[in-house]
Amino acid sequence: METQTQTTTMEAKEMKKKRMSGSEAVMQSLLHEGVDLLFGYPGGAIMPVYDALYHYKDQLNHILTRHEQGAVHAAQGYARVTGKVGVCFVTSGPGATNAVTGIADAMVDSTPMVVISGQVGSALLGTDAFQETDVVGITQPITKWNYQVKRAEEIPEAIAKAFYIASTGRPGPVLIDITKDAQFAQFDFEYNKVNRVRSYQPKTLVKSEQVAEAVRLINLAKKPLALVGQGVVLGGAENELMDFLKKTGIPAAWTLLGLSAMPSDFDQNVGMLGMHGHYGPNVKTNEADVIIAIGMRFDDRVTGNVQKYATNAKVVHLEIDPAEINKIIYADVPVLGDVKDSLPMLTKMASENKHEAWLGEFKACDKIEDQKIIQEELYPSKEGLTMGEVVRRVTEQYDDDAIMVTDVGQHQMFASRYFKFKQTRSVVTSGGLGTMGFGLPAALGAKLGQPERPVCLFVGDGGFQMTIQELGTIFQTQADVKIILLNNNFLGMVRQWQELFFDKRYASTELMNPDFQTIAKGYGIATEKVTERDDLDAAVERMAQHKGAFLLEVVVEKEGNVFPMVPTGASVSEVRLE
């Protein structure tokens, strides 16, 4: 009986095997991982893979971007709004090096992604062959894991491992480099999903003693403050976060990447942390007696001068990545593990509370900020259009329920401050790396990932021109992306620093721009330009009602500044309102 069972098992295993090329194995491996959409750009060393892709067009939708950087950013946008692993193909040499910026961006912002690069034949490795670069060596510091495949038989396991590593624990990018001979070679394909890698522990069991000590501090706190990061979104712990906050009554501020982890109108949401965050959460950080950091990493844009940060507070740090514990801010109580696991444990043990007086202090700060900054930004009395009023008008048009994508610069901070959110995974922006050119391809990926949701891209005239060729991809895919170009003819954020800290020496920041309307029309994209406040509302409404991509160019004031602002080297409590 045992022999018969063994024979049946062996027969079943053999039936799973099929003779195929390494290139076809790539396709089959992706299908086993549930991939149906990917981005890329073909070239010599990846050509066998693209030839195999030709036969899988009905199962794998490939988006041909206009540049490899665009492919990676699009995969990021797709991953951020869906929670799935973004996938892209690039060729060797310049194809792979063009992808480096996006890979680095994904690493810093914990975006799950698998990049498959073609490589010269294994016999040519190390010979400086045509379009050969050591992409594994180049990307080692900016990937969770990378691997070079030289034999076709390695492809299924390498891809299975790549998806597992990219998507588990703290997510991130993985690169698989496949030599051309491995793509051509035939072998007996068999795919086994990976759910364990030796020496890789994506998450640990939450220790009850750490939770107990954290709860003790939280229950004793008179002025606790929760700092909500992207880890909540990545862990799918939005409901667990709300349960914790509602029970404890603790005010909560979000980081740039933590935006949309809770609704904008949640009464305990006190706004955005950081250099251009809201006045209250910055000032009150140094008055808090307990800081509960939830899935955030104490980025320097959040902390300001670390020697003057949270000077009165005990710090509880809920974090999945052990490397982040005590890296920047000392955690009096580290709670290591997935916040989806740790938050319910805290909620169960925590005492019910309100902290109404403490919340009232944040609302008093809101009134100060509203009087000094927000009213004039959103409802300006001056002649020139402001970025803030454009953001306000767009978010209102979509009833605060669109996906916000940004490029990097002043517009990014204005959008993050004034756009509103009702549901999670509604923010796609480049946080840690601050990559200009990120926005346009990322918006494309976001729209393809969530085709039923409106996607609004806010972009400056500088960043827009870094990847403007991706208008061609939008044209070809007919993706319904709404592009709000905030044009001030400056590299606005650099100009603001030059104004405030370099005596208005505007060195190499003023732009002579092309006619963006003509460019959009050349790509078959509907477009409109607004220069007067009286025309803004109607133009935004026309944009929203238009079926298909739309470029709304709004000429805003040339020297508008985004405030509040925590100057470099200052404490968060030294935030400037003007």
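Author: Buried means under 20% relative accessible area, exposed means over 50%, and partly exposed lies in between (1.4 Å probe, protein chains only). This is a predicted model, in which local features need pLDDT of at least 70, side-chain atom pairs count only at pLDDT 80 or more, and totals for chains, interfaces and linings use all residues. Residues are numbered from 1 along each chain as its sequence is written, and side-chain values use heavy atoms, leaving out hydrogens and water.

Reader: Is Arg216 buried, partly exposed or exposed?

Author: Arg216 counts as partly exposed, because its relative accessibility is 41%. Glu213, at 30%, is also partly exposed.

Reader: What does Glu213 form with Arg216?

Author: Side chains of opposite charge can pair when their charged atoms come close. A salt bridge is a side-chain nitrogen of Lys or Arg within 4 Å of a carboxyl oxygen of Asp or Glu. Glu213 and Arg216 form one, with the closest N and O atoms 2.8 Å apart.

Reader: How many salt bridges does the structure hold?

Author: The structure holds 30. Among them is the pair Asp300 and Arg301, whose closest N and O atoms are 3.1 Å apart. Asp300 is partly exposed at 49%, and Arg301 is partly exposed at 44%.

Reader: Which residue does Arg505 meet in a salt bridge?

Author: Arg505 meets Asp503, at 3.4 Å from N to O. Asp503 counts as exposed at 63% relative accessibility, whereas Arg505 is partly exposed at 49%. Elsewhere, salt bridges with shared partners join Arg170, Asp321, Glu324 and Lys327 into one network.
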